[in-house]
Amino acid sequence: MPRIFSGIQPSGELHIGNWLGAVQNWVNLQRSYQSLICIVDLHAITGKYDKDTLPQRTRDMAVGLLAAGIDPDQATLFVQSHVPEHSELQWLLNSVTPLGELERMTQFKDKSQKFESVPAGLLNYPVLMAADILLYRADLVPVGEDQIQHLELTREIARKWNSEFAGGEKFFPEPHPILTEAKRITGLDGQAKMSKSLGNTIALLDGPEEIWQKLRPAKTDPARVTRKDPGNPEVCNIYHLHKYFSPPATVGAVAENCSGAKWGCLDCKRVLADNMIATLAPIRDRARQFQEAPGRVDQILAEGALGASGLASETMREVRGRMGFLPAPSRLPTGSGHPG
Ligand code: AMP
Ligand code: TRP
């Protein structure tokens, strides 16, 4: 069975961009592939972060993923820092990662501008991501479009490591992305990628009132000033969102009524809000059940970490050997009283 790996940062809330761009795919693929889904808390410390809220954000992300349909009987859901081999492999992969490649990553160039003194972790972020994937020797990585460049670098790191330490044998497979049709969902500002840090999101667990309050002021076709102006659905983000939440007949009606100036933008948004609320209601219900059973969530994450650790330690035994490290003594002395 081919193996899938993907990760998401513990921002606390999943938004509909994450869901449409990646998480829905994880849910659909978990039946046909051996799937590892990782909450990447080590990646979350590469920028400024709040250590006090990190545990809650990590749990909330687990709840969101379980509510969205990640099934712990089918997929391994776990927290990155619970499997220390991620950090270890990241360090080892630094030895085959070209600095120039790290410096030219778009995400690094964007994010580093926000710092007066750039943390080294931000530069090394893609090496940790490569370690995540290669640790499980995953074949496929379902992600949104913004991660493609990082995945290309992962393939290069795998190639270099294989040629240096595996005599060209494909010890690490070169992983390939799987994209959805919704590979880049635009935010409610109608311009930037939907992203929690930009405040232009609808959260997967938002309720009816929150959804409407966010959709109501959302940007539409900028050329449409009054209700009487015909709109151009193709340049309207609300129209594109209809494609993911409304039935095909409604999507057709939206296009027609917009370009024919029969509906105002608010009418169109109300229909979208109703369909979005109905689509997301079962996810909210499931989230509530998990929120009421935090012990169950912790248990799922513990079992996930155990499963992931088994695979990770197998890979690392091979990797350490192939990279020339002296095998560690099978039993390290414990306690304070060992001889000399
Ligand atoms: P992040 O929240 O940055 O950890 O992203 C988690 C996953 O969601 C990654 O696979 C991203 O590529 C994907 N993703 C994030 N934002 C969007 C978006 N606006 N549209 C589509 N996919 C997204
Ligand atoms: N960098 C990814 C993001 O921000 C998260 C991530 C970390 C990831 N490790 C990964 C995604 C491994 C896929 C595979 O969205």
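# Around two ligands

Visitor: Hi! What is the distance from a nitrogen atom of ligand 2 to an N or O atom in the side chain of Gln147?
Guide: That distance is 3.0 Å. This makes a polar contact, a pair of N or O atoms within 3.5 Å; within protein, one must be able to donate a hydrogen and the other to accept it, and residues adjacent in sequence count only if both atoms are side-chain atoms. A word on the background: this is a predicted model, where local features need pLDDT of at least 70 and side-chain atom pairs count only at pLDDT 80 or more, while totals for chains, interfaces and linings use all residues. Residues are numbered from 1 along each chain as its sequence is written, chains are lettered from A and ligands numbered from 1 in the order in which they are written, and side-chain values use heavy atoms, with hydrogens and water left out.

Visitor: Thanks! And how much of ligand 2 does the protein cover, in what percentage?
Guide: The protein covers 90% of the 360 Å² of accessible area that ligand 2 has on its own. Such areas come from the Shrake-Rupley method with a 1.4 Å probe, and for residues only the protein chains shown count as cover.

Visitor: Which residues come nearest to ligand 2?
Guide: Gly7, Tyr125, Met129, Asp132 and Gln147 come nearest, out of 13 residues around ligand 2. Being near means that a heavy atom of the residue lies within 4 Å. Tyr125 has a polar side-chain atom 2.7 Å from a nitrogen atom of ligand 2, and Asp132 has one 2.7 Å from a nitrogen atom of ligand 2.

Visitor: Which element gives the most to that shell around ligand 2?
Guide: Helix α6 does, with four residues. The elements that give two or more residues are β1 (3-8) and α6 (120-135). Helices (H or I, at least four residues) and strands (E, at least two) are DSSP runs numbered from the N terminus.

Visitor: And how many of the residues in the shell around ligand 2 are nonpolar, polar or charged?
Guide: Seven are nonpolar, five polar and one charged. Here Ala, Val, Leu, Ile, Met, Phe, Trp, Tyr, Cys and Pro count as nonpolar, Asp, Glu, Lys and Arg as charged, and the others, Gly among them, as polar.

Visitor: Over to the other one. Which residues come nearest to ligand 1?
Guide: Ligand 1 has 17 residues around it, and Gln9, Gly144, Asp146, Ile185 and Met194 come nearest. A polar backbone atom of Gly144 is 2.8 Å from an oxygen atom of ligand 1. A nitrogen atom of ligand 1 is 3.0 Å from a polar backbone atom of Met194. The protein buries 90% of the 490 Å² that ligand 1 exposes when taken alone.

Visitor: Which helix gives the largest share of the shell around ligand 1?
Guide: That is helix α1 (residues 16-29), with four residues. By type, the shell around ligand 1 divides into six nonpolar, seven polar and four charged residues.

Visitor: New topic! How many disulfides are there?
Guide: The count comes to zero, taking a disulfide as a pair of cysteine sulfur atoms within 2.5 Å. For Cys236, the nearest cysteine sulfur belongs to Cys265 and is 6.1 Å away.

Visitor: Is Cys236 buried or exposed?
Guide: Cys236 counts as buried because its relative accessible area is 7%. Buried means under 20% relative accessible area, exposed over 50%, and partly exposed in between (1.4 Å probe, protein chains only).

Visitor: Where is Thr315 found?
Guide: Thr315 is in helix α12 (residues 294-322), and it is buried, with a relative accessible area of 4%. Leaving out residues up to four places away in sequence, Thr315 touches Leu134, Leu135, Arg137, Phe171 and Phe172; a contact means heavy atoms within 4.5 Å.

Visitor: You named Arg137. What is its phi near?
Guide: Phi of Arg137 is near 45 degrees, a positive value in a residue other than glycine. Most residues other than glycine have a negative phi. Arg137 is found in the loop between α6 and β4 (140-142), and at 33% relative accessible area Arg137 is partly exposed.

Visitor: And where is Ala261?
Guide: Ala261 is in the loop between α10 and α11. Its phi is also positive, near 55 degrees, and Ala261 is partly exposed, with a relative accessible area of 23%.
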